Amino acid sequence: MASSTASSSFSKAVLSFACVLVLIGASTSAQLSLDYYSRSCPVLFPTVRLIVGAAIAREARMGASLLRLFFHDCFVNGCDGSLLLDDTPTFTGEKNAAPNVNSVRGFEVVDQVKSAVEGVCPGIVSCADLLAIIARDSVVILGGPWWPVKLGRRDARSASQAAANESIPRPTSDLNELISSFRNVGLNIRDLVALAGGHTIGLSRCTNFRDRVYNETDIDVLLAQTRKFGCPGIDGVNDDNLAPLDFQTPITFDHSYYSNLVQRRGLLHSDQQLFNGGPTDSFVRLYSRSPLAFQGDFVASITRMGDIKPLTGSNGEIRRNCRRVN
Ligand code: HEM
Ligand SMILES: *[C@@H]1O[C@H](CO)[C@@H](O)[C@H](O)[C@H]1NC(C)=O
Ligand SMILES: *[C@@H]1O[C@H](CO)[C@@H](O)[C@H](O)[C@H]1NC(C)=O
């Protein structure tokens, strides 16, 4: 009798201690965790890695396109896979929003990853989480840092074109607009500079850098001249012609984006705004000198970006097909 009372108050103590731990976990990590699928889908990471590796082997730029998908998902009502929903006659999603239309790409690769993962662990892994893992693998494959990816996000049942129009920063933005669009999702100026380092890979369309190379003065003459070839100074002419965001090494995830900025070789107006006499200059200088400082801060900041407003618990769903709600 005495021993059973003792053991029941002991288990109550254990239970309340466990509750405290759960509460601490919930409040500090937005309920995401590193081992979320370790039992339910132990082959998740190698499965994703295989498909992403094959896609980047076919086309190196795909790594850049896939990293960008995670950014454009997270900035619009959180990392909830909303970007991946296709428009239908009765539903308008985010794919045709101004920052995305004719620009974001890589959805077929996401589909391939999703079907491979559904093949090994059906109904378990969200599309929102797949975007986070795909982004990490893309960075690693192109020579950037590895980081542990926090998981446990669920998928949205809706999307918002209006929010995508508003929340994703524009290439014409000045520094104060960039700072406020990052602040709106809980990210600071150091996060802004570190995450903009995503532009160490990938391409931009002429329409997004035309005004800069023809009309701006805080630009290296050689870069401006080089980019005018293939990007005529007339709106609507060859708008979709492509040029690398990183003048030097567009398929290597290195820190040369920042030395470009110091040399006034940012391709987009928004890139050069980060090194233009303002409060972000010191971070640009730091990352231009130190690849390790850049890598460490990029990892910290992309982890914080991945924490933006995840759907957890009974919110959202685990989509079977990333392009439509269940
Ligand atoms: C700071 C605000 C940002 C602005 C204004 C911006 C804007 C742009 C623009 C205009 C393009 C070219 C799109 C096109 O011409 O079709 C682009 C491409 C790209 N962006 Fe950003 N971006 C920003 C931040 C980021 C962040 C935080 C990341 C990821 C961490 C990122 C990753 C990329 C990548 C990888 C590409 C190349 C995509 C490809 O080649 O398919 N960007 N961005
Ligand atoms: C988003 O922007 C596009 C292009 O400017 C526009 O056509 C569309 O109506 C906007 N959507 C919403 C919901 O504001
Ligand atoms: C350069 O600026 C002028 C004046 O704002 C504008 O009319 C012209 O279209 C711009 N040129 C390009 C190539 O953007």
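**View 1. Asn215 and Asp211 at ligand 3.** A side-chain polar atom of Asn215 sits 2.2 Å from an oxygen of ligand 3, and Asp211 brings a side-chain polar atom to 2.9 Å from a ligand 3 oxygen. (A polar contact here is a pair of N or O atoms within 3.5 Å.) Around ligand 3 you'll find Arg210, Asp211, Tyr214, Asn215 and Gly233, where being near takes a heavy atom within 4 Å. On its own, ligand 3 exposes 370 Å², and the protein buries 42% of that (Shrake-Rupley areas, 1.4 Å probe). Sorted by class, this shell has one nonpolar, two polar and two charged residues, with Gly counted as polar and Tyr as nonpolar.

The model is predicted: local features need pLDDT of at least 70 and side-chain atom pairs 80 or more, while totals for chains, interfaces and linings use all residues. Residues are numbered from 1 along each chain, chains are lettered from A and ligands numbered from 1 as written, and side-chain values use heavy atoms, leaving out hydrogens and water.

**View 2. Gln161 and Asn165 at ligand 2.** Ala98, Gln161, Ala162 and Asn165 surround ligand 2. Gln161 puts a polar side-chain atom 2.8 Å from a ligand 2 nitrogen, and Asn165 has one 2.4 Å from a ligand 2 oxygen. Ligand 2 alone exposes 360 Å², of which the protein buries 38%. Its shell splits into two nonpolar, two polar and no charged residues.

**View 3. His199 at the iron of ligand 1.** The iron gets a single protein donor, NE2 of His199, 2.0 Å away. Donors are N, O and S atoms within 2.8 Å of the metal (3.2 Å for Na, K and Ca), and water isn't among the atoms, so sites may look incomplete. His199 lies in the loop between helix 8 (189-196) and strand 1 (203-205); helices (H or I, at least four residues) and strands (E, at least two) are DSSP runs.

Note on methods. Polar contact = N/O pair within 3.5 Å; in protein donor to acceptor, adjacent residues only side chain to side chain.
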